[in-house]
Amino acid sequence: MPMPPVPDLASLSLSDIARLAEENKLPPVERWNPTHCGDSEMRIARDGTWFHQGSPIGRQAMVRLFSTILRREPDGGYVLVTPIEKLDIDVEDVPFVAVEMKAESEGREARLAFRLNTGDLVTAGRDHPLRFETREDGPRPYLHVRGGLEALVARSVYYELAAIALAGDDTPPGIWSDGAFFALEPAA
């Protein structure tokens, strides 16, 4: 069965995005506990590119399919899991990248939806918090996707978030989405 097409975020309302995210039924990977079978020989690079045996996976539909069976283990590792096998996968930072954002309303009424590099849609809020880290190479914003899996917010999208935060009057500067507040600077 083919994967549904990647949605065009610009043409959707935030209500449409929430409905599509709810309809996107994922496999129950958290309930599957097969014995460990080995290494997938796959890697997800920091920029969200998926590799198999050192070569990029060129078919986006294949990447989307693999992303639906990705799970974060209690030890922090990542696996691809099915009812009958579990294979390790190397992840350089986090498995997803938030490549596009759509904002609706302002201040405490704001809602922010993100499209991931896999086509998934996520609305930031209590269940999908944003967090910000400061590193030597600059700020690193992350969005919780599901089950301990996160998306790095792409630099261009981070600039949009920063503009929203700096236009507000919150101290410290931050972003509101779906009733939750996320400070732009990490907690001390």
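Among contacts in the protein chain between residues at least 6 apart in sequence, what percentage join residues at least 24 apart? The figure is 55%. Keep in mind throughout that this is a predicted model.

**Whole chain**

Start with the protein chain in a cartoon view. Its secondary structure consists of 3 helices and 14 strands. Of the 188 residues, 44% count as buried.

**Negative patch**

Select Asp39, Glu41, Asp75, Asp88 and Asp90, which form a negative surface patch. Strand E1 (36-44) and strand E6 (86-91) are the elements that give two or more residues to the patch. Asp75 sits in the loop between strand E4 (70-72) and strand E5 (78-81). Is Asp75 buried or exposed? Its relative accessible area is 68%, and the cut-off for exposed is over 50%, so Asp75 counts as exposed.

**Lys86 and Glu73**

Next, show the salt bridges; the structure holds 12. One of them joins the side chains of Lys86 and Glu73, with an N to O distance of 3.2 Å. Lys86 belongs to strand E6 and Glu73 to the loop between E4 and E5, so this pair ties together parts that are 13 residues apart in sequence. Both Lys86 and Glu73 are buried.

**Salt-bridge network**

Now select Arg46, Asp93, Arg131, Glu133, Arg135, Asp137, Arg140 and Glu150. These residues are linked in a network of salt bridges. Two pairs can be picked out here.

- Arg131 and Glu133: their side chains meet in a salt bridge at 2.5 Å, N to O. Arg131 has 31% relative accessibility and counts as partly exposed. Glu133, at 24%, also counts as partly exposed.
- Asp137 and Arg140: the closest N and O atoms of this salt bridge are 3.8 Å apart. For a salt bridge the nitrogen must lie within 4 Å of the carboxyl oxygen, so a pair at that distance qualifies.

Colour the second pair by accessibility. The cut-offs are over 50% for exposed and under 20% for buried.

**Last view**

To finish, display the negative patch and the network together. The patch includes Asp88 and Asp90, while the network includes Asp93.

Methods
Residues are numbered from 1 along each chain as its sequence is written. This is a predicted model: local features need pLDDT of at least 70, side-chain atom pairs count only at pLDDT 80 or more; totals for chains, interfaces and linings use all residues. Side-chain values use heavy atoms; hydrogens and water are left out. Patches are made of residues with over 30% relative accessible area and no salt bridge: like charges are joined within 9 Å, nonpolar side chains (Val, Leu, Ile, Met, Phe, Trp, Tyr) within 5 Å. Accessible areas come from the Shrake-Rupley method with a 1.4 Å probe; for residues, only the protein chains shown count as cover. Lys and Arg count as positive and Asp and Glu as negative; His and the chain ends are not counted. The place of a charge is taken as NZ of Lys, CZ of Arg, CG of Asp or CD of Glu. Helices (H or I, at least four residues) and strands (E, at least two) are DSSP runs, numbered from the N terminus. Buried means under 20% relative accessible area, exposed over 50%, partly exposed in between (1.4 Å probe, protein chains only). Contact means heavy atoms within 4.5 Å.
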